[in-house]
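User: I would like to learn how to read a protein model. Could you take me through it feature by feature?

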Amino acid sequence: MGQLEWSTDEWLRHLTALPGVAGYEHVSVPEFEKVFGLFADKVERDKMGNVLAWIHGTGPEPRPRALLAAHLDRIGFLVSRVEPGGYLRVVSVGGFDQRTLPGKEVVIHSKPPMNAIFGTKPPHLQKKGEAERVIPLEDLYLDTGQPESVVRRRVPVGTMVMLRQPPVGLLKSRLASPGMDNRSGVAVLVRTLQALRERRPAWDVIAVGTVEEEDGQICVGARTSAEGLKPEIGIAIDVSHGDMPGTREGDTVPLGGGPSLCMGANIHAAVFDGLRSAARAIGLPFSVEVTPANSGTDAMDIQIASLGVATAVLGIPCRYMHTGVEVVEPRDVDRCATLLAHYLASLEPEWRATEVLK
Amino acid sequence: MQAARAAKRSGAPRFEEHLLEAFSNADGPSGWEAPVRALIVSAVRDNVDSLEVDAMGNLVARIDPSGGRSRRGAPHVMLCAHMDEVGFMVTAVEKDGRLRFRRVGGIDPRILLGQVFRIGQNGARGVVGALPAHLLTNNDMNKVTPIEELFLDIGAASRDEALQAISIGDLVAFDTTYESAGRVRKGKAFDDRVGCAVLASLVQKRPPVPVTAVWTVQEEIGTRGAAAAARRVAPDLAIILEGTASGESPGASPEEQQPRMGGGPTITIQDRSLMADARLIDLLAKTAKRRKIPTQWKRPGVGGTDAGRIALSGAGVPAAVVSVACRYIHAPAAYLDIRDPQRVVELVWHALESLRKEWP
């Protein structure tokens with residue numbers, strides 16, 4: 001009851017509310033474990049903090065493994081300095097678009113949490129021309145409104161800060177919220193696990209909520225979980241740029257147009273073909289997105305883990321990525337899960353990525 | 001609570017915080033003040049002797065010590081706060097369903113990207129999106145997008161879809177909710193809903209001199225409502241109640257840090273619209289000293305209020321401005337210290353008592 005019957009809209013609202021900038025996912029890991037546990041046969045946490053949710057296959061052992069990866073972390077900030085007056089300076093974890101920050105409300109994840117605002121100077125007090133200059137993050141500050149002594153006591157340097165913007169429903173059931181990157185991907189994992197319970201694949205499927213995708217050159221959780229699991233196939237689920245005015249055709253995929261299937265160096269042709277055939281077989285709309293070199297997703301690191309993994313990327317169309325109003329259409333999330341479940345259930349027990357030629 | 005007890009002792013009315021909350025959460029960009037006015041009407045109608053809405057939409061309430069007959073010799077005081085807030089108006093709907101909009105009042109274009117807005121009266125929400133950094137050149141990342149190039153996304157995929165939810169001409173307000181943390185209150189439009197709530201609190205008691213309380217329209221687009229209202233009221237003097245900009249920010253010089261949130265009522269000496277009446281300033285300062293109410297001076301030379309308009313109306317009206325210093329006005333979320341509006345209520349109330357005795 002309850003969560004077992006939640007709509008995707010409800011899942012998105014729930015998952016985007018959970019904190020966890022890169023490196024601080026552990027604050028919400030128990031909740032992710034609980035959520036995956038509703039549908040998985042087994043849930044584990046590895047030593048990096050990745051959450052592994054298993055669906056046991058029906059094929060003969062040893063069964064090949066398919067890894068589904070959606071990163072748990074989100075972009076945010078860490079407190080870097082407390083200044084006289086109790087104002088806080090922050091550094092960014094992952095790339096928040098600094099143009100979108102002045103005037104925004106945030107939550108400081110102190111104990112107990114405190115709310116704050118990215119301070120702005122009202123037009124009355126600005127010098128001429130000031131409004132034409134983008135304020136770099138290092139010049140922005142957080143103001144809790146509380147006395148300096150309270151701030152110093154409660155907010156140590158290193159405290160996590162997140163944008164504070166509850167999800168907003170738009171027309172066509174679209175939902176705007178910070179953290180759609182990549183909690184909408186986590187929602188795809190939840191929905192896929194749910195579908196696979198009814199429709200067991202021959203393979204073992206491990207849906208992994210990965211840590212630390214956003215914070216640097218290496219997708220840490222993807223790399224380590226793939227090394228540990230040694231999957232045959234790895235599919236990263238992440239947001240893709242949804243269509244927006246001012247972008248060129250080919251740079252984005254349509255919102256409400258179903259999953260985007262990425263094509264490029266990170267993508268194994270057989271997995272791409274398998275996903276595309278599955279979509280066609282069930283008449284599911286999809287678009288093809290071109291990511292010629294690195295896809296900017298967990299797939300980059302899954303691909304080179306272990307002895308090499310046949311990888312693909314499934315994208316959820318999302319507008320205004322890395323702002324507080326990332327817009328996703330829930331039905332695209334559902335379609336990603338439907339496609340994954342169909343594809344995974346159709347995997348032949350004996351298929352291997354390594355071709356033995358002689 | 002302490003402030004409230006002090007108020008009880010002093011005979012001044014209590015600042016009604018629930019009014020501030022309701023007024024702040026209501027939407028009323030200039031020219032569309034009706035929702036705010038309706039709340040004020042229900043808050044004050046039982047306590048005032050007369051209540052009118054003039055042709056521009058100003059709300060005018062009269063209340064005097066004897067319940068209708070002015071006491072001989074006591075000056076007729078106009079107390080004034082503006083109902084409107086800065087916001088936006090939907091100006092066009094594009095084929096693909098996005099909305100174009102323009103500013104109503106002074107708003108820094110840099111606070112719009114990634115923000116959520118309420119549109120019209122039917123609860124529609126829209127977001128101002130930003131092209132993701134991934135798709136921009138470094139050059140564009142360091143450029144402020146002009147408002148003319150921004151749009152509101154309400155989720156519509158076509159003009160028809162959009163027009164089912166909103167209309168051209170709909171007013172747009174920040175989607176912000178009033179909150180408390182310690183002494184701090186957070187909300188939108190404290191400029192000037194805090195003045196509106198101070199004024200609504202002041203008329204909960206019968207004042208010591210004849211008062212005409214006016215909640216004006218269109219202050220943010222050129223103090224327009226006050227022009228008509230001042231002529232109608234023709235007061236002997238006027239006190240304008242405002243939410244003004246605090247100067248506080250990290251690294252600013254001590255002079256620029258004034259006034260401060262929590263520093264007590266802010267008194268204006270001079271701004272871009274007004275030289276405040278010296279006798280009134282003196283009376284306010286003396287009253288504050290006698291009543292031990294902390295006060296501070298507004299930094300001269302910045303901003304402007306209805307007071308400028310009222311001071312020049314008719315044959316001239318001595319005018320002063322008493323404000324609550326708020327951080328981050330004209331932005332989605334502002335702060336104030338809840339002790340300040342209570343102190344403004346007390347200061348103005350006791351100033352009215354002094355006026356009864358001392359005004360020439």
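Predicted model: local features only at pLDDT ≥ 70, side-chain atom pairs only at ≥ 80, totals over all residues.

User: Which domains does the assignment give for chain B?

Analyst: Domain bounds come from an automatic or database domain assignment. For chain B, domain 1 covers 2–85 + 188–358 and domain 2 covers 87–174. Taken over C-alpha atoms, the centres of these two domains of chain B are 33 Å apart. Residues are in contact if their C-beta atoms, placed from the backbone, lie within 7 Å. By that rule, 11 residues of domain 1 of chain B touch 11 residues of domain 2 of chain B.

User: What is the strand order in the open sheet of chain B?

Analyst: Strands (E, at least two residues) and helices (H or I, at least four) are DSSP runs, numbered from the N terminus. Two strands pair if DSSP finds at least two bridges between them. The open sheet of chain B has 8 strands with mixed pairing, in the order β1-β2-β12-β3-β13-β16-β14-β15. At the edges stand β1 (50–53) and β15 (296–297) of chain B, each with a single partner strand, so one side of each has no neighbour in the sheet. Strands β3 (residues 77–82) and β12 (residues 211–216) of chain B run parallel and are joined by 6 bridges. A81(B) has W215(B) in β12(B) as its bridge partner.

User: How are two packed helices described?

Analyst: The angle between their axes and the distance between the axes describe them. Axes are lines fitted to C-alpha atoms, for helices over the stretch in contact, and angles run from 0 to 180 degrees between N-to-C directions. Helices α2 (residues 17–25) and α6 (residues 190–202) of chain B pack at about 145°, with axes 9 Å apart. Among the residues that meet are L19(B) and F23(B) from α2(B), and V194(B) and A197(B) from α6(B).

User: Which helix lies across β3, β13 and β16 of chain B?

Analyst: Helix α10 (residues 339–358) of chain B does, running at about 165° to β16(B).

User: How many residues of chain B are in contact with chain A?

Analyst: In chain B, 49 residues are in contact with 51 residues of chain A. On the chain B side, β7 (124–128) and α5 (159–165) each supply at least two residues.

Methods. Residues numbered from 1 in each chain as written. Chains lettered and ligands numbered in written order. Contact = placed C-beta atoms within 7 Å.
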